[in-house]
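This report concerns a protein structure and the ways in which its parts meet. Please keep the sequence and the structure in view while reading.

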Amino acid sequence: MFSVALKIIFYDKVRSLITLAGVVFAVALIFAQIGIYLGLMETSSTIIDHTNGDIWITSRNSKNFDFSQPFPERKINQVLAAEGVKDAEKLIVTWGVIKQKQGGTEQVEIIGYNPDTGIGGPWKMKTGHFRDVKNGNYAIVDESSMRRLGRFEIGDYREILNRRLRVVGISEEVKSFTTAPIIFTSYKIAQNLGGYVGPDNTVFIIASVEDGYSDKEVINTLRRSLSNVDVYTKDEFSRKTRLYWTIETGVGLSFLITILISFLIGMLIVGQTIYNSTIEYLKEFGTLKAIGATNLNIYQIIFSEALINASIGYVIGLIFTLLSIKIYDAIEMVFTIKLWVALLVFFLSLIMCLSAAFFSVRKVRKIDPALLFRG
Amino acid sequence: MDFAIQVEDLTKVYRENSTEVVAVNGVSLSIQRGEVVGIMGPSGSGKTTLLSMFGCILKPTAGSIKIYGEEVTNLSDKELPFVRRKYFGFIFQGFNLFQPLSALENVRLPLEIKGMSKKEAGALSINLLEKVNLKERAYFLPRNLSGGEKQRVAIARALAGNPLIILADEPTGNLDHKSGELVVKTLRELVMINNASAVIVTHDSRIFHSLDRVFYMEDGKIRA
């Protein structure tokens, strides 16, 4: 029956091309939506994910990495004193305004880290080293910021919150979910820039766990000993940040709706064309039933048509998606495609085409025998 | 007596809203093994409905049908395909060939449905196409065959799997005289070789001489 379906597909070339176009369109759109969504989510927690350290301590009820409130930095002493904590480091995330070379301003996200350890700092440098921000009004700017901030070179000066910082390094791969350029500087400079953090405050404390202790044990200890803060594992805080952007901002829902619409459009196109094909061959299907084919035999032909369309359409859609990655790179957009995404989209395209074929199955089940005898 | 088909008081009533149409009205007849019979009558007389009930495509409203002594009247929709597979081959006025499939593939398909391997079914299909003088057209698509050739492919398909009963609905209806004669002659010969029976619904008086018996239908009843 599979070969019959294949023959039908290759015989009706125009209809098959329309069906394929529908599947390819739907598959490529679903890939694009999932890829962009995952890219955004990856970006939203990229600094957490790239920071060494097992436990994140935040102010009470912090919802994400980008907009956490400051809390007294002296709490680091309690953290360091807690049983099972090997080391701890402070990290500031704040917001500021940078003056553009050609006039005007841009909002920037400022990360202040300890240049001695590099914890929370840039993890991949194009030029310079994370330690270069030590002992001075220095900054490291990510190369992805050039689109917003204009070209900059090592040695350039930029004014952030009325303080002139010299660019001492250019990092890579640090794209911000909020689209605001990210500027790295030392913890001390970030603390004193005059943002909302204020002196003697930090935004995060990142602790690493001593060998022989589990993250859970140490987290419980810290929760008992610290007040007015929340304590998470690195994965928990990364997930919390992603979930915040996914659920609370509605970003996830809008992606989900687009995926659903793509799925439905694909299903309607495939359903329509397979239905037309079934109607065209209704007499022949009826004839097969007359000579002893069961409904199942006919369903095999129809579902094989759907499967072939889904598989070919998926492969072409996947090729388009892989080719489009270069376009996303060119526009500085993070696009993530993983094996599980490829498998999920294949599964979705199968479901899409098979459910589309159900419209036709009903028609075959109730073929009017009189149809067979009409000349 | 070896009866291929026996029907008793066979009735088919179509109901549409409150309207009832009696298409076949209390038909009783028997067809013997090896017989080639014709059913004639004006349009709307119930010939095709009767043929559909013979072939277990349509269920009667009342009466009984026996195929080679086997009562099939009350079989379920799941059982009927197996009865059709076991006993029947069908020929239609409009040929009903799958356009995307070659002549060979059209003949091979019912054999595959009957569970035969592709290789075995292919060899048998070539043999059947040879019997209807179409071996050299085996790989042609239906669109490249003449009407007579298409009907001969349909005959080969109907004979695939050696059915004991061939049911043909206006097999010469779309053919010119010469092609029509060739089709009926071929059908007759192959039915005889296979010791099968055939029921042919026809308006074509030119094929009378090829039939053993003719039933005349009018208003859903068989006239003497």
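The model is predicted, so local features need pLDDT of at least 70, side-chain atom pairs count only at pLDDT 80 or more, and totals for chains, interfaces and linings use all residues. Residues are numbered from 1 along each chain as its sequence is written, chains are lettered from A and ligands numbered from 1 in the order in which they are written, and side-chain values use heavy atoms, with hydrogens and water left out.

**The interface of chains A and B**

Chain A brings 23 residues to the contact and chain B brings 30 residues, where contact means heavy atoms within 4.5 Å. About 2,500 Å² is buried between chain A and chain B, and carbon and sulfur atoms give 70% of this area. Buried area is the accessible area (1.4 Å probe) that two parts lose on being put together, summed over both.

How many salt bridges are counted between chain A and chain B? The count is 1 salt bridge, a term for a side-chain nitrogen of Lys or Arg within 4 Å of a carboxyl oxygen of Asp or Glu. The side chains of Lys7(A) and Glu105(B) form this pair at 2.6 Å, N to O. Side chains of opposite charge can pair when their charged atoms come close. Over all chains, the whole structure has 21 salt bridges. Because Glu105(B) lies in helix α3 (residues 103-113) of chain B and Lys7(A) in helix α1 of chain A, the pair joins two chains. Helices here are DSSP runs (H or I, at least four residues), numbered from the N terminus.

Axes are lines fitted to C-alpha atoms, for helices over the stretch in contact, and angles run from 0 to 180 degrees between N-to-C directions.

| Helix pair | Axes come within | Crossing angle |
|---|---|---|
| α2(A) (residues 13-44) and α12(A) (residues 339-365) | 10 Å | roughly 145 degrees |
| α11(A) (residues 295-330) and α12(A) | 8 Å | roughly 145 degrees |
| α10(A) and α11(A) | 9 Å | roughly 145 degrees |

The crossing of α2(A) and α12(A) is right-handed; a crossing is right-handed if the near helix is turned clockwise from the far one by less than a right angle, and left-handed if anticlockwise. Among the residues making this contact are Val23(A), Ile30(A) and Phe31(A) of α2(A), and Trp340(A), Leu344(A) and Met352(A) of α12(A). By class, the contact has 15 nonpolar, 1 polar and no charged residues. Here Ala, Val, Leu, Ile, Met, Phe, Trp, Tyr, Cys and Pro count as nonpolar, Asp, Glu, Lys and Arg as charged, and the others, Gly among them, as polar.

Helices α11(A) and α12(A) also have a right-handed crossing. Their contact comprises 19 nonpolar, 4 polar and 1 charged residues.

The crossing of α10(A) with α11(A) is right-handed. Phe285(A), Leu288(A) and Lys289(A) of α10(A) meet Asn295(A), Ile298(A), Ile301(A) and Ile302(A) of α11(A). This contact divides into 5 nonpolar, 1 polar and 1 charged residues.
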